[in-house]
Amino acid sequence: MQVLLDPRTVKSLEDIIKTAEEWIKEKNHMQNIVNVVRTDRQLQQNSSIPDKPLTFVGRWAEVNKIIYSLVENGCGIVSIVGGPGFGKSTIAVDVSHHLSNKHDIVVIFSFLSNVSTVPEVLLRLCLDVGVNPGEDPESALMFWLKNIEKKVVLVMDNIEQLLEEEVRSEFTELVVTLRKNSQQQLQILTTTRTEFAIPEQTTENVQIGELDEKSSVELLRKCCPNTEVKYSYLCDLANLCGFIPLALCIAGPRIADLDDPSELINWLKEKPVKTLLTSDKSQCVRKAIEFSFQQLNDDDRKALARLSLFNGNFQRKSAEEVIERDELVTQDFLEQLVARSLMQRSSDKRFVIHSLIRRFLANHHQLQDEKVTAQGLMVKHFLKMCHSLTMDSFSKNGYTGARELLKTDSHNVEETLKVCCQDQATNLNPNIFELLVSSDIYKSSSRFFYRFCRDLLPQIILRNFQEYCINLAKIQKQLTIEITFQCLVADQEGRKSAWKSTEYIDMMEAIKDALDQNKAVLKEDRSLYSYCYYFYARYYSNIAPNTPYPDLLEDNLAPLPDNQYQNPMENAEETLFLIQRAQLSKKRASKVFHSDKEKYEDYMNCAKSFSSQALSISQELLGDHELTCISHKLLGDLYSLLRKNSKALLYYSGAIKLSKKLKVDPNEPFVYLLKNYGSCLSFLRLFDESVKILNEARDIADKRAQKHSPCRANVYCALARTYRAWKPDCKEAAKYANTAIEMGESLDSRSVKTMKDIIETAEEHMECENAQQCLDVNSVFGNNVD
């Protein structure tokens with residue numbers, strides 16, 4: 001029909017078709033981004049169980065009873081109760097494999113022998129189930145629990161110290177909370193020496209006694225399979241071992257090493273008669289441990305005493321450093337200890353010493369010098385490891401791998417930081433002070449170590465360590481180190497209090513005084529000066545009446561080094577420097593938005609330039625890294641503020657995908673990222689997709705937050721705004737606005753006013769609806785009258 005139209009109309013129609021095609025193409029592109037972002041959000045649950053025991057006999061009745069209680073009866077809490085060395089943990093491991101292999105139940109095995117407080121339990125459980133504890137381990141764990149979709153059995157091994165009077169009520173309350181937040185999907189299997197029950201919870205205690213004679217002999221034969229020994233001899237040995245599995249496992253392997261097997265019998269019999277007659281079965285275990293220990297040569301006894309300082313599992317490399325032997329000799333020694341049941345090996349090639357053996361070695365005071373030496377070697381090794389992993393985390397694509405390695409040794413790192421903070425007068429090793437002062441973690445990499453590990457280690461441990469280092473730097477008159485740790489403590493306090501506490505404000509003012517008084521000295525260190533400068537600038541610029549802090553010009557900084565090569569920490573420093581400059585420029589732009597449009601555009605252009613440079617450097621030199629993710633989000637925020645939503649969407653989607661890849665979600669920054677992404681979709685009028693993303697953010701915020709928080713309040717505000725833009729008369733908008741208003745103290749005044757307007761509009765619409773319904777009713781009745 002083109003011949004019937006004039007050229008001007010044809011041109012206009014062609015433009016309309018072209019615009020529509022571009023819009024459809026753009027919408028399809030946006031939809032592809034949304035689809036990619038929404039994939040793989042389901043939390044994965046996989047079993048985590050130690051290797052199945054090789055010498056397991058005589059406990060089938062107990063194993064079957066426990067499995068029946070958990071699977072058939074659906075019992076919430078089952079406890080394996082028995083004396084030390086009776087094989088409670090071994091039974092728990094065997095039950096775990098049955099549940100996982102034959103009943104398709106996810107089992108998480110958690111070793112709790114070295115934790116004594118509920119906060120420590122929360123941290124350990126986070127690491128065992130595979131979530132980052134962050135600054136709030138309880139919220140992280142509860143979020144995981146609320147997302148499990150099928151039965152999970154949590155094995156809490158060795159909880160007797162958590163049943164002591166001073167912590168028992170708090171621990172049992174935690175158990176109830178775990179069950180409640182999983183909608184009773186979580187069942188708990190514990191091992192302990194004492195029975196316990198929790199009111200209104202289905203609990204069962206399964207008592208474990210000594211093995212019978214036949215099972216004891218069978219176990220001894222498994223421990224020395226290639227040795228011909230009379231049945232009567234094994235019966236006598238089993239009796240002297242009290243028929244206790246651990247004692248049998250320690251004594252059994254020694255038979256093959258003796259020219260005359262009766263030597264072991266005679267040695268056990270020569271112990272004081274009152275020990276043999278005692279009702280304390282742990283004495284039987286102690287005798288077996290002592291005999292096996294005495295069979296070691298002097299150097300091996302000293303080495304085992306050193307290893308007993310590990311309060312939990314450890315890797316071969318750590319053992320190598322502590323016993324000061326080379327790789328192959330250390331491996332052979334560890335295998336020898338495993339063969340003699342003086343040590344256990346886990347499926348991830350780590351080693352652990354049974355608590356009874358550690359207690360036995362703790363009482364050998366003649367080996368005290370070895371323990372002192374070992375403590376110094378452990379501290380030196382783990383401080384060096386912390387620095388090394390920090391550097392690895394800032395190498396290209398090294399972030400995730402380094403964090404996973406830190407997780408496996410987090411308990412050893414915690415112990416190291418605790419030892420460093422001990423009073424010199426009471427410390428086992430007086431040289432710890434010098435080891436800390438000479439470490440790279442103290443001298444140079446503390447800022448990056450804190451950024452790397454702050455969501456993996458307990459905040460109280462980090463805070464105590466940092467405050468100790470402040471005092472240490474004062475004593476040593478190390479100004480730059482003192483100010484560095486002051487900034488780290490202030491950052492932690494600010495995050496904890498949403499940057500509002502009096503303590504945080506006082507810390508920042510003290511840092512400002514230190515900066516003013518020591519500017520010349522600090523300027524000599526380009527990295528430290530820029531870090532401190534922008535750290536204070538963020539605080540100052542966030543105070544409402546203040547004009548933003550001025551930018552730090554290149555002329556005011558020490559020049560970059562001439563060498564082409566920069567180490568990972570220097571790459572991170574330059575990226576952080578650019579991110580900080582971008583954030584300050586963004587803040588400056590927000591301050592002049594209503595008063596000076598030209599300045600606003602200049603500041604936003606500066607922010608975009610710095611952010612783009614940060615992203616480019618981070619992608620090239622750091623690869624998949626937290627700072628790359630931050631740069632993506634920052635650019636997304638900037639383009640969103642400029643209402644360039646299609647471009648913002650690309651950067652937000654990049655940040656979300658990278659967050660998942662780095663396994664740093666779901667945490668509060670990730671919720672904000674989803675919230676911004678969902679709001680961006682709303683501006684593009686992709687309302688269906690926007691609501692789905694915002695509901696995902698709401699789901700995470702609801703499950704993580706046990707109380708009102710600015711993060712949760714902002715998500716509800718975003719949902720209310722989106723529904724208002726999508727369906728102005730929709731009740732959903734008012735519902736979310738009302739919830740946001742309930743968290744009013746967490747919102748700024750402008751958001752509160754917007755929420756009130758949304759509620760008022762909804763109420764007016766409801767009044768109109770009611771009035772219309774009344775008119776309709778009157779109309780019907782009027783017609784009937786006629």
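By the ring rule used here, this predicted model holds 22 aromatic pairs. That rule pairs rings of Phe, Tyr and Trp (its six-membered ring) if their centres lie within 6.5 Å, and calls planes under 30 degrees apart stacked, over 60 edge-to-face and the rest tilted. Here are two of the pairs:

| Ring pair | Centre distance | Plane angle | Kind |
|---|---|---|---|
| phenylalanine 593 and tyrosine 600 | 5.0 Å | 70° | edge-to-face |
| tyrosine 639 and tyrosine 651 | 5.8 Å | 5° | stacked |

The pair of tyrosine 639 and tyrosine 651 links distant parts of the chain, 12 residues apart: tyrosine 639 belongs to helix 30 (residues 626–641) and tyrosine 651 to helix 31 (residues 645–662). Helices here are DSSP runs of H or I with at least four residues, numbered from the N terminus.

A quick word on the model: it is predicted, so local features need pLDDT of at least 70 and side-chain atom pairs pLDDT 80 or more, while totals for chains, interfaces and linings use all residues. Residues are numbered from 1 along each chain as its sequence is written, and side-chain values use heavy atoms, with hydrogens and water left out.

Tyrosine 600 counts as buried at 10%, and so does tyrosine 639 at 9%. Phenylalanine 593 is partly exposed, with 32%.

Elsewhere, Trp499, Tyr504, Tyr536, Tyr539 and Tyr540 make up one aromatic cluster.

Now for helix 19 (residues 410–421). Its 12 residues reach 17 Å from first C-alpha to last, close to the 16 Å expected, where the expected span is 1.5 Å times one less than the number of residues. Nine of the 12 are buried, so helix 19 is largely enclosed by the rest of the structure. Among the buried ones are His411, Glu414 and Leu417.

Last stop: glycine 252, in the loop between helix 9 (245–251) and helix 10 (262–269). Glycine 252 is buried at 0% relative accessibility. Leaving aside neighbours within four places in sequence, glycine 252 is in contact with Leu220, Cys223 and Cys224, contact meaning heavy atoms within 4.5 Å.

Notes. Helices (H or I, at least four residues) and strands (E, at least two) are DSSP runs, numbered from the N terminus. Buried means under 20% relative accessible area, exposed over 50%, partly exposed in between (1.4 Å probe, protein chains only).
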